[in-house]
Amino acid sequence: MIDLRSDTVTRPSEKMRAAMAAAEVGDDVFGEDPTINRLEGLAAARFGREAALWVPSGSMGNTIAVKLHTEPGSELIIEERGHILNFELGAAAVISGVTTRAVKSSNGSGHLAWNDIAPAIRKNPPYYQAATKLVCLENTHNFAGGSVLTAEATGEICERAHSEGLAVHLDGARIFNAATALACDVQELTAGCDSVMLCLSKGLGAPAGSMLVGSSEFIERARSWRKRLGGGMRQVGILAAAGIIALEEGPALLERDHRNAKCLANGLAAIPGIDIDPEKVATNIVIFDVAKAKLSAAEIVAKLKEKGVLAIGFGSQIRMVTHLDIADSDIDAALSAMKESVPSA
Ligand SMILES: *Cc1c(COP(=O)(O)O)cnc(C)c1O
């Protein structure tokens, strides 16, 4: 199977499995797991922050950040297709008691700009309205097709948000993909954000785990919330050993995924019935529209599966994601399967 459903499907490499088997471990709830401590130190250094915390999932990292940056009865602002709003089961409402204000991106990038955010802010509102406390950014933006937000644009939002008394959390599940596409360092790309969540378990290849990075004070409080949410784990160095390899060696491998995504997009654009602008494919996510094809997205996805290619369909769109376990030759095979699965109009 050529599995293009997500970059979460990557399997740990032989090197990761060997490191996991050999990992030095201890009880992390007592702060005694040397391997997780090393991973947290490496992540903090990589992002130029005081501290970092390993969390079992990206969703837990985002949930903890939202909790720490808000208070019950306040509000957060996010782009309307954001992961925190659409794919985390209302955790912001359930765990943090905050309402979420979805805002449309107006500049065609899929990302919010300050002039989208500013009108949505409720600063010192009348007593019957919830005050805005937090802006959540997402880089790359998953459902905006893996699009990137530049360091400059991120910095401007952070500066303005801070001057309005708002915190900024970055859902950087794929921040290394963004840094690769922009040819800049993650430190520069995330500098103004109060906290950053990044996933080790996607294109970087670890079997599980995400990191939350920020100030020492923030991470200390995050550690308590992780425990409260049931995320205090014991000999977690087993997973951290893979995480260290993901963090140290994964980023350099993302360029190939981006090349493959571009190649896939160019090939798709040449198939009648498929609507995609390959110019807009900046990282490893390829989203295209099949509204003009004779079959629905769901029917095309089912046909692809029969031919050994997995993708995800939603509405009239299909998403394909390149990753570590996708070879260059898989792209040609996926395109051939697509050509056979999309009957021309
Ligand atoms: C995958 C993802 C997350 C977190 O996902 P988990 O499955 O909980 O690890 C958060 N944000 C974005 C944009 C993602 O793609």
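Let me start with E79, which touches L85, V103, K104, S105, G110, L112 and H141 once residues up to four places away in sequence are left out, contact meaning heavy atoms within 4.5 Å. This is a predicted model, in which local features need pLDDT of at least 70 and side-chain atom pairs count only at pLDDT 80 or more, while totals for chains, interfaces and linings use all residues. Residues are numbered from 1 along each chain as its sequence is written, and side-chain values use heavy atoms, with hydrogens and water left out.

E79 sits in strand 3 (residues 75-79), where helices (H or I, at least four residues) and strands (E, at least two) are DSSP runs numbered from the N terminus. E79 is buried, at a relative accessible area of 5%; here buried means under 20% relative accessible area, exposed over 50%, and partly exposed in between, with a 1.4 Å probe and protein chains only. The side chain of E79 also reaches the backbone nitrogen of R81 at 2.8 Å, a polar contact being a pair of N or O atoms within 3.5 Å, where within protein one must be able to donate a hydrogen and the other to accept it, and residues adjacent in sequence count only if both atoms are side-chain atoms.

The next residue to look at is E80, placed in the loop between strand 3 and helix 4, and this residue is partly exposed, with a relative accessible area of 32%. Leaving out residues up to four places away in sequence, E80 touches L85, N86, A102, V103 and K104, and its C-alpha is separated by 14 Å from that of D171, which is 91 residues away along the chain.

D171 brings me to the ligand, since D171 is one of the residues that come nearest, together with G58, S59, R174 and K202, out of the 13 residues around the ligand; a residue counts as near if one of its heavy atoms lies within 4 Å. The protein covers 84% of the 380 Å² of accessible area that the ligand has on its own, with areas from the Shrake-Rupley method and a 1.4 Å probe, and, for residues, only the protein chains shown counting as cover.

An α-helix has 3.6 residues a turn, so residues three or four places apart point the same way.

Helix 7 (residues 151-163) has 13 residues and reaches 18 Å from its first C-alpha to its last, close to the 18 Å expected at 1.5 Å a residue, the expected span being 1.5 Å times one less than the number of residues. Its buried residues are T154, I157, C158 and A161. They cover an arc of only 100° around the axis, which puts them on the same side of helix 7, the arc being that of the directions from the helix axis to the C-beta atoms. These residues pack against helix 6 (114-117), strand 5 (132-138), strand 6 (167-172) and helix 9 (186-190), while E152, E159 and S163 are exposed on the other side of helix 7. Just after helix 7, G165 takes a positive phi of about 80°.

In helix 13 (residues 297-306), the buried residues are A297, I300, V301 and L304. Seen down the axis of helix 13, they fall within an arc of 100°, so they line one face of the helix. Their cover includes strand 10 (309-310), strand 11 (312-314), strand 12 (317-321) and helix 14 (328-341), and on the other side of helix 13, A298, K305 and E306 are exposed. Helix 13 is followed by G308, with a positive phi near 85°.

I will finish with the backbone. Most residues other than glycine have a negative phi, and most peptide bonds are trans. L89, in the loop between helix 4 (83-86) and helix 5 (91-96), has a positive phi near 55° and is exposed, with a relative accessible area of 82%. N124, in the loop between helix 6 and strand 5, has a positive phi near 40° and counts as exposed at 70% relative accessibility. Finally, the peptide bond from N139 to T140 is cis, with omega near 0°, and T140 is found in the loop between strand 5 and helix 7.
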